[in-house]
Amino acid sequence: MKRRTPITQYCHERIRQLIKNPSLCIDATAGTGKDTVFLASLAGANGRVIAMDIQETAVEQTRNRLSKEHLSDRAEVVLDTHVHMDVYADEGSVSLIMFNLGYLPGGDHHLATKAETTIEALKKGLTLLCEGGMISLLIYSGGDSGFDEKEQVLQWLKELPDDQYTVLVEAFYNKPNHPPLPVYIIKNETV
């Protein structure tokens with residue numbers, strides 16, 4: 001029997017389809033560094049990645065993973081909240097921003113993203129995006145975290161002006177136990 005593709009790998013492939021030749025990327029929730037490595041590979045030798053997380057463990061894991069993959073020269077890893085992403089990039093300069101909402105895999109479930117700060121970071125992220133740029137969200141919910149954040153973020157996304165942004169929400173419909181919800185926000189190009 002063929003093994004199932006992990007949801008994060010599916011999302012990476014989807015991002016490859018939607019974004020071509022990104023120059024500056026932000027991993028807003030670095031976690032274990034898997035998305036940071038993906039972004040560093042996607043951006044290529046001339047691209048740059050800023051990875052951020054509020055947990056020292058996540059920052060260390062991300063730096064170690066980048067080093068192991070020989071991609072440290074493409075990424076800056078900072079111990080900071082994604083709410084401050086505008087300190088690290090200029091308005092209109094970012095091709096792609098990735099968020100994995102929830103908590104650090106294997107980490108403390110009490111240290112999880114929250115709707116208020118996620119929405120604040122998303123607002124800042126939208127100003128940082130270049131035309132044609134994208135924000136990718138993987139919304140984890142269920143168990144001890146995430147339902148409230150998921151509902152608030154989805155409601156906020158629904159109110160984004162459709163002449164400025166295209167919001168694509170996908171679902172793994174036949175997966176049990178509240179699978180993560182991939183969301184892509186594309187900043188429309190002006191004509």
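Contact is taken here to mean heavy atoms within 4.5 Å, and helices (H or I, at least four residues) and strands (E, at least two) are DSSP runs numbered from the N terminus. The structure is a predicted model, in which local features need pLDDT of at least 70 and side-chain atom pairs count only at pLDDT 80 or more, whereas totals for chains, interfaces and linings use all residues. Residues are numbered from 1 along each chain as its sequence is written, and side-chain values use heavy atoms, with hydrogens and water left out.

The protein chain contains five helices and seven strands, which follow one another along the sequence in the pattern α-β-α-β-α-β-β-α-β-α-β-β. Of its 191 residues, 49% count as buried, where buried means under 20% relative accessible area, exposed over 50%, and partly exposed in between (1.4 Å probe, protein chains only). Among contacts in the protein chain between residues at least 6 apart in sequence, 73% join residues at least 24 apart.

Two helix pairs were examined, and two packed helices are described by the angle between their axes and the distance between the axes. Axes are lines fitted to C-alpha atoms, for helices over the stretch in contact, and angles run from 0 to 180 degrees between N-to-C directions. Helix H4 (residues 115-128) and helix H5 (residues 147-158) have axes that come within 9 Å and cross at roughly 30°. That makes H4 roughly parallel to H5, given that angles under 35 degrees count as roughly parallel, over 145 as roughly antiparallel, 65 to 115 as roughly perpendicular and the rest as oblique. The passage of H4 over H5 is a right-handed crossing; a crossing is left-handed if the near helix is turned anticlockwise from the far one by less than a right angle, and right-handed if clockwise. On the H4 side, the residues in contact are Ala115, Glu116, Thr118, Ile119, Leu122, Lys123 and Leu126, and these meet Glu149, Gln152, Val153 and Trp156 in H5.

For helix H1 (residues 7-18) and H2, the packing angle is about 25° and the axes are 12 Å apart. H1 is therefore roughly parallel to H2, and H1 passes H2 in a right-handed crossing. In this pair, His12, Ile15 and Arg16 of H1 meet Lys34, Asp35, Phe38 and Leu42 of H2.

Helix H3 (residues 56-68) has 13 residues that, at 1.5 Å a residue, should span 18 Å, and its end C-alpha atoms are 18 Å apart, in agreement with that value; the expected span is 1.5 Å times one less than the number of residues in the helix. Within H3, Ala58, Val59, Thr62 and Leu66 are buried. These four residues cover an arc of only 100° around the axis, which puts them on the same side of H3, the arc being that of the directions from the helix axis to the C-beta atoms. The buried residues of H3 pack against helix H2 (34-43), strand S2 (48-53) and strand S3 (75-79), whereas the face turned away from the buried side carries the exposed residues Glu56, Asn64 and Lys68.

Backbone torsions were also considered, since most residues other than glycine have a negative phi. Asn21, which is not a glycine, has a positive phi of about 50°. Asn21 lies in the loop between H1 and strand S1 (24-27), and its relative accessibility of 73% makes Asn21 count as exposed.
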